[in-house]
Amino acid sequence: MTAPAVEIRGARLSFGHRVLWSDFDLTIAPGEFIAVLGPNGSGKTSLLRTLLGQYRLDAGEVRVAGSVGYVPQQRPHDEDVPLRGRDLVGLGVDGARWGVGFRRRAARRSAVDAAIDQVDARAFADAPLGLLSGGEQQRLRVAQALASDPAVLLCDEPLLSLDPKNQARVAQLIDRRRRAASTAVVFVTHEITPILPFVDRVVYLVDGRFRIGRTADVMTSETLTELYRSPVEVLRVAGRLVVVGADDASCHGQVDAGQVPGTNEVVPETGR
Ligand SMILES: Nc1ncnc2c1ncn2[C@@H]1O[C@H](COP(=O)(O)OP(=O)(O)OP(=O)(O)O)[C@@H](O)[C@H]1O
C-alpha cells in the first residue's frame with residue numbers, strides 16, 4: 001500500500017467558541033482529487049490553512065507527505081506591475097534548492113519552462129502579467145504552484161470569476177497533473193460542476209458538521225438535507241449539479257435556482 005499524501009486524524013479546529021470541525025478524519029491517497037464544499041464560513045479555507053501549517057489544531061494531528069503547492073483565487077494583476085508570467089512561475093522555484101551559479105541558473109530555468117509547458121502557457125509566458133486574460137493568468141498561477149513539484153496541490157477557489165471555458169481548461173490542467181505525477185489535489189470550491197468529472201471524493205462542511213464520501217453518495221438530497229438540517233434538493237440539470245435549498249442563503253454555491261431554466265418548476269419553494 002502506498003503512503004497517504006495527507007493524513008488528518010481526530011482533528012479539531014476552533015476560533016473562540018466557534019468549532020469549525022472536530023473528530024475530523026481524512027486520509028488522501030496520492031493522485032486523489034478531493035473537492036471541499038460548503039457555505040460561507042464553514043471552514044473550507046481554514047482546512048487548507050491547516051494543511052499549509054498556518055493553523056494549529058486544538059486536537060488531533062495532520063501529516064502531509066512532501067511539499068505543498070498552493071493555487072489561490074483568480075484576481076486580476078495590476079497592469080502597472082512589471083512582472084512577466086515567467087517571473088511569476090519563477091517565484092515558485094526560487095529557494096535554497098537552486099542557489100546561484102550558471103548550472104543552477106540553467107536548472108532553474110528548465111524547471112520554470114517545464115512548469116510553463118505543463119499548463120500550455122509558452123505562447124504568453126513572456127508577456128506582462130497585467131496584459132493577460134484572467135484565464136491565462138490563472139494558468140500561470142497553476143504553473144507557479146507546480147514549479148516546486150508538489151506532492152499535494154491545495155486550490156482555494158481557483159476558478160472564481162473565470163468563464164466556463166477557462167474554468168474547464170484550468171480544471172483539466174490540474175486533473176492532468178495529478179494523473180501524470182500522482183499529485184493529491186484538495187480543491188475548495190463553491191461550485192462543483194466544473195470539476196465534477198475529476199472529483200474522487202467530496203468533503204462537505206456545514207456549520208461544524210461534515211460528510212466525506214464519493215460524489216454520488218454525498219451530493220444527494222437526502223445527505224445534504226441531513227447536513228443542512230433543512231430541506232435541500234440536489235438536481236442534475238443540463239450537465240450541472242444543482243443544489244436547491246429551503247434556505248438558499250445556507251445553500252448558496254452550486255447554482256442559484258434562478259440561473260437554471262425550469263428549476264423552480266421542478267422544485268417548488270419549500271418551507272417559506
Ligand atoms: N485566524 C482566524 N481567527 C479568527 N477566526 C477565524 C480565523 N480564520 C477563520 N476564522 C473564522 O472561521 C470561520 C471559517 O472561515 P473560513 O475562511 O475557513 O470559511 P470558508 O468556508 O472558507 O468561507 P468562504 O466560503 O466565505 O471563503 C469564519 O467564521 C472565520 O471568521
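Visitor: In which sense do strand 6 (residues 152–156) and strand 7 (residues 184–188) pair?

Guide: Strand 6 and strand 7 are joined over five bridges, where a strand is a DSSP run of E with at least two residues, numbered from the N terminus, and pairing requires at least two DSSP bridges. This is a predicted model, in which local features need pLDDT of at least 70 and side-chain atom pairs count only at pLDDT 80 or more, while totals for chains, interfaces and linings use all residues. Residues are numbered from 1 along each chain as its sequence is written. Within this pair, V152 stands opposite A184 in strand 7, and the sense of the pairing is parallel.

Visitor: Which strands lie at the edges of the open sheet?

Guide: The sheet has six strands in the order 5-6-7-3-8-9, with mixed pairing.

Visitor: How are helix 2 (residues 85–93) and helix 4 (residues 134–146) directed relative to each other?

Guide: A helix is a DSSP run of H or I with at least four residues, and the axes of these two, which are lines fitted to C-alpha atoms over the stretch in contact, with angles from 0 to 180 degrees between N-to-C directions, come within 7 Å and cross at roughly 30°. Angles under 35 degrees count as roughly parallel, over 145 as roughly antiparallel, 65 to 115 as roughly perpendicular and the rest as oblique. Helix 2 and helix 4 are therefore roughly parallel.

Visitor: How many charged residues are in the contact of helix 4 with helix 5 (residues 164–181)?

Guide: These helices pack at about 15°, their axes 9 Å apart, and G134, G135, Q138, R139, V142 and L146 meet N166, R169, V170, L173, I174 and R177 (contact means C-beta atoms, placed from the backbone, within 7 Å). Counting Ala, Val, Leu, Ile, Met, Phe, Trp, Tyr, Cys and Pro as nonpolar, Asp, Glu, Lys and Arg as charged, and the others, Gly among them, as polar, there are five nonpolar and four polar residues, and the number of charged ones is three.

Terms used: Contact = placed C-beta atoms within 7 Å.
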